[in-house]
Amino acid sequence: MPAWTKDSLSEPWPRNHNIRLAAPDVYDAAVEADGRNVLERHRPLGVVDQYGEKNRKAGTNGVYEPDGGGEEPRANGHVERREDVSSNWRERLQAGTSCVSVRDVKKSSPDYKILHPMNHAFARYVLPVAESEIKEQDWPGKEKDGKTYKAEASDECTERGADKENVDEKKGDDDQRKQSEGPELPEEQRAFLDQLLAEMHMVESFKNNPAEPKDDLKSLDSDALQQLESRLSIDDQSTPDSWIPRSSGLLRLTGKHPLNAEANLFELFRAGLITPTKLHYVRNHASVPQLSWETHRLSVFSEPEGLISIPKDWTMDELASGDYKIIEIPVTFGCDGNRRKEMNMVKKTSAFNFSGASVSTCLWRGVLVRDILLASGLQDQPDEERWYLNFEGADEPSEGAYATSIPLMHAMNPANDVMLVFGQNGRVLHPDHGYPLRIIIPGYVGGRQVKWLRKLWVTKEPNRSHYHIWDNRVVPSFIESRDHPLAGPFFHHESTACNEQALQSVIVKPEHGERISLAEKGSLDGTYTVEGYAFNGGGDRIDRVELSLDGGKTWLWCIRRFTDAPLRNGEKYWAWIFWRCEVKVRELVDAQEIIVRAQDCKKNYQPEHMTWNMMGMMNNCWYRVRPKIVQDPNTSFPAVEFQQPVAPGNDEGGWMEPPKDEQEDTESKSDDLKTFSLEEIAKHNNQDDAWIILDNKVYDVTSVLGWHPGGANAILPYAGKATVDVTNEYKGIHDAYANGKKDECLIGKLSEDGVKAMQDDAVRAAKELAKVKEERKGMALQPDVFTQAKLVKRSEVSPDTRLYTFKLPNKSDGSHGVLGLPIGRHVQISVHFKDQAVLRSYTPTRPMLPSEEDGTFDLLVKTYYPSEGAPFPPGGTLSNYLDCMDDGEEIDIRGPIGGITYNGSGDFDIEGKHYHFDKVNLVAGGSGLTPHWQFIHAVLSDPNDKTCISLLDSNKSFDDILLREELQKYADENPDRFKLCHVLSIEPKDKNFKYIIGRLNKDIMREHFHPAGDAVGTLLCGPPGLIEKGALPGLQELGFKEGESVFGY
Ligand code: HEM
C-alpha cells in the first residue's frame, strides 16, 4: 500500500518479484569480471541473500570462485599469485602491462546461472573477452610484422608496456586536439565542431535546478510593460472580458470572444526562450472569471469523503504563505491543437486554426500540489486501486464547468513537479492564464493545465465532465464526427486522452514570406541560419534536432539552446529548446523543402506524415518550409522566398491549401435567395433578433444564440454588422456539423451594393486605422486600445460637479505621458461592468494645447445623482461611478473620439471635410460646454487666430454654470473676439450677473449670434432637448443649414 509520506512514498527497491538479489561478494566478483567497478553504484547496500555466507567463504578478497578454490596451481606448476588473479584483467589487457590469459578471465568471471538459475532462465554463459583480444597481445615469442621477438622477461614486457603507455597518452592528447582543433578539418567543419563541443559541454554542465524563486512577486507597475500589455483592446469592449489587457501581438483566431489567440510564430520565437506573458498563447472556452486574490478559495476535498481527511477551502494567502515550499521553474506547454491549421488544410477538423505558435514557456511559481494534498490529510492509496486527482476551473463554458483529471500517482510523484501556481514570469498570473490560481502539470498538454482553479479533489474514478470526455482527445481517423456510432466509446477510451505532450519541432526561421535576395554576386555562397523550437512531453530531453534538405534522405545536425537551469529532479527537462543550423543559401535554393524533425532521449523521432483526427490534436509530423524562386517586387531581382505550411493567424497563405470542398462551398446556391440591404441587416443586432453576414449571405442566428457552444457573446458582436472579418473567423472555428446548422439559418444574401460597401469599408477602415496609429505614436490616446489613467486628485466645483485629475502612464523612456487630444475631439472613458464595458465620451478641460501637457488631464463632470423623481431615476452611470472612485483607482481612456477637429485660424475638419469659419457661434448646455471651452481656449490663446466666437451657454441655475469665472475672464479680456451670454432657467441671486432668463430660442440666438452668412458656422453641444427642440429649429429659421453651417459634437 503506497503511503504518501516522504520516507515511504518510494518503497525501497527492489519490491516483491522473482528476481534474486546477488550477495555483496558476487558484486565484487562481477567487478573483477568486468574489469571495472561499474556495478558498485547499483549494489544495494547491506543486501545479503541465502547464498551470501557460502560464497563469502568460497573466495578471499572478494573474489568469487565457484568451485571453492582459493589459490590454484598455475599450469607451469606455480601457484598463481593472488594479486594476479584479483588484479584487473581488463586494465591489464588494455594497458598491455602483462599478458592476460583465457584462464585469467574465466576465473574472474563467474557463471551466475549456477548460482541463481531463476535469474538467468534463458541465459548462456559468455566469457567477457574476445579470443582475438587474448591472442593479439604481445605474447613472448610472438611474430609481428614478420619479425620474431625474442622471449622477454616479464619486467621487460612491463617496460615496453610503460613506453606504450606514454605513446598512448600522447596519442590520446593528439586525438583530443584533433577533435577540438582538427587541423586537417575544413574550416566550416571546425566551426561546427566548436559549436558541437560547446553544446556538449553545456549539457554536461547542467546542474539540478533547485527552483528557488529569487525574489518576491513584483507589482504590475510600468516596468512590467515588456511582459504585459497594459492597454485594453476595443475588440473586447462589448464582451465580458472588457477589463482584460491583451496585446495586439496576439492574433485572435475565434473572433472577438472568447479569446483564443497566439502570437505570430516569428515574434514568439524572437521574444526568447521565456515567453513574455503578453505573448503566451491563450485558449479560453468562455469569459474569463472575475476573480480576486483576496476572495478566491481553492476547495480541496474527496469523493467519496475520507480519501482526504481534512477537506478545506484554501485562501490564496495560505497557499502562497511560504508554509509550503514555493518553487519557480520554466515550463513549456502548448495547446494539444498546436499545428492544427495544417491539419485543417488536409480536411477541416472540428476546431480552429492554431498554427505552430500555440505553445509558450513561462516561469511558473507555486507550491507542489503534493504538499497541499498531504497537508489536507490524503490517505494512502491501496495498491490495487487507481485514484485520480481532479481539477475544475471557475469559468463557465457552455457545456458546464471545465474539469479534468490525471492519475493521482502522477501528481504525488515529487519528480513530476505538479504545481498549484500563482506566479507567472515574476508577477501574479495574468487573467487569461488563470489568475489567481492554476494547475501546472509540467510535460502535459495545455488542455490539462486548468485555469482559475477553484476545486481540487481526489476520486476513485476518472473525471466524467464534458470537457474531460469530449475535449483533448486523439480519436482514430475513421471517427470523422461525434455522430459516428463509435464516437462515444472512443471519446471515453482512456487511450485517446491527450496527457503528455508529443515530441515536436518547428521551423520558425525562415518565416512565412521571408525573402533572400539573390541579386548580389556570390549570394548563393552566403550562409543562412535556419532556426526553430522543439519540445517534448514527460520531461524527456530533446536529444537531437535534425534538418533535411533532400526530402529526408540525409539529415544535418542542429545546435540546441536551452533555458537557464533547464534540468529538474536529475532528469526532467520541462522547457522547450531553440535550435539552429547553418546552411548555404545555395542549398536552400536547391532544396524542395526544408524539413525538421526532433529525436527524444528514447531515440524516438517525429513521424514523417500527419495522421488526421477529427479534433485536430497532437499534430507533430515533420515540419516543412518550402523555398521558391521569385522576382523580388522591390528590386526586380531574383530572390528565394519561403513559405511556411500555413500563414500566421487566420490569414490565408502558406504552401498548404485548404481542402477543395471548403473552397467550393462558398459558391453554392445563392441565386434564388432574397436580397437584403446593409440598412435592413443593421436593424437585427440584439439577443432577441440577430442576423449575421457570412460569405455575403445573411443568416438569422437568433435561435443559435441559446445553444451556441462558443456562447452567445461570440456571435453578438457581429449581429447587424457588416464585417468581412467574421467570415474568416467563422471558417477557422467551425466544422461540417456547425455548417449544417448554419445552413438552417440562411435567410438571404447581401445586396451587391452592400457587398461593395462592406468590402470598401473594410479596406478604408484598415488604412485609416494604420494612418492614425502612425500619427499618434507615443501618445496616450490611441484609436484601438484603451490606456489606463489613475485618479490622483478630485475637487468639488459645486455640490454636484467635480474636477477629476487623472495621471497618464509614463512613456517607455520614463518621461511623462502625453494625452495628444486634438482641439474639438473627445476622450472615451471606459469602466468595466460584469457583462461589458460602459463607455462615455468626455472632453478634458486640461491639457488643451501641447504646451500644457504634464502627464495628467482634468475632467469636469457633473454628477447626475439617482433620484426617484428625476426624469432618469437611476442617474448617470459613469458620473456616479467617477464620483465614487477613490484616489489611486483607474479608468481606461481611448481616443480621439468625435468628428470635429479645430486646426487653428478658423480651419476645421468635420467628418473628413475641410471648413473655414471666420465667425463661430456656440450653443452649450450643461457639461456640453467642455468641447467649446477647448475651442475657445485654443482661439484666445493664439494672438494670430482672429476667429470671432459667440457663446450661448444654457444652464438651469447659476450654480450649474461650468467654468463661469474662466469664461468671464476671457470675455473681459477679449471683447472683440469672444462674446458670452448665459441663459438660465432659474434667476440667480447675484444681481450683477449678466444673463437671460428663459429657454434658448430663435430670438435669443438672433440677438447674440453672428448672423448666417459666408464663413459663419455654428457648433452645438448639450442635452438632446436643448439641441433638438431649442437650437436646431431656430438656427434653421435664421438661415443656418445642418451639415453646412451647423454641426453637432
Ligand atoms: C450560424 C451560425 C453559427 C453556428 C451554427 C455555430 C455553431 C457552432 C458549433 C457547433 C460550435 C462547436 C464546434 C466544436 O467545438 O466542435 C461552435 C463553436 C464556436 N463558435 Fe460558432 N457557430 C455560429 C457562428 C459563430 C460566429 C459568427 C462566431 C464568431 C466568429 C462563432 C464563434 C464560435 C466560437 C468562439 C466557438 C468555440 C470554439 C472553441 O472554443 O473551441 N460562431 N459554433
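In the predicted model, five strands form an open sheet in the order S8-S7-S16-S11-S12, with mixed pairing, where strands are DSSP runs (E, at least two residues) numbered from the N terminus and two strands pair if DSSP finds at least two bridges between them. Strand S8 (312–315) and strand S12 (403–407) stand at the edges with a single partner strand each, so that one side of each has no neighbour in the sheet. On average, and with direction ignored, neighbouring strands of this sheet are turned by 20 degrees against each other, the axes being lines fitted to C-alpha atoms. Four bridges connect S8 with strand S7 (residues 297–303) in the antiparallel sense, and valine 300 has lysine 312 in S8 as its bridge partner.

This is a predicted model, in which local features need pLDDT of at least 70 and side-chain atom pairs count only at pLDDT 80 or more, whereas totals for chains, interfaces and linings use all residues. Residues are numbered from 1 along each chain as its sequence is written, and side-chain values use heavy atoms, with hydrogens and water left out.

Strand S25 (residues 577–584) pairs with strand S19 (residues 527–535) in the antiparallel sense over eight bridges, and S25 is also joined by three bridges to strand S22 (residues 559–561), again running antiparallel. Arginine 580 in S25 stands opposite glutamate 531 and also opposite isoleucine 559.

Aspartate 887 is placed in the loop between helix H26 (877–883) and strand S39 (890–897), helices being DSSP runs of H or I with at least four residues.

Terms used: Axes fitted to C-alpha atoms, helices over the stretch in contact; angles between N-to-C directions.
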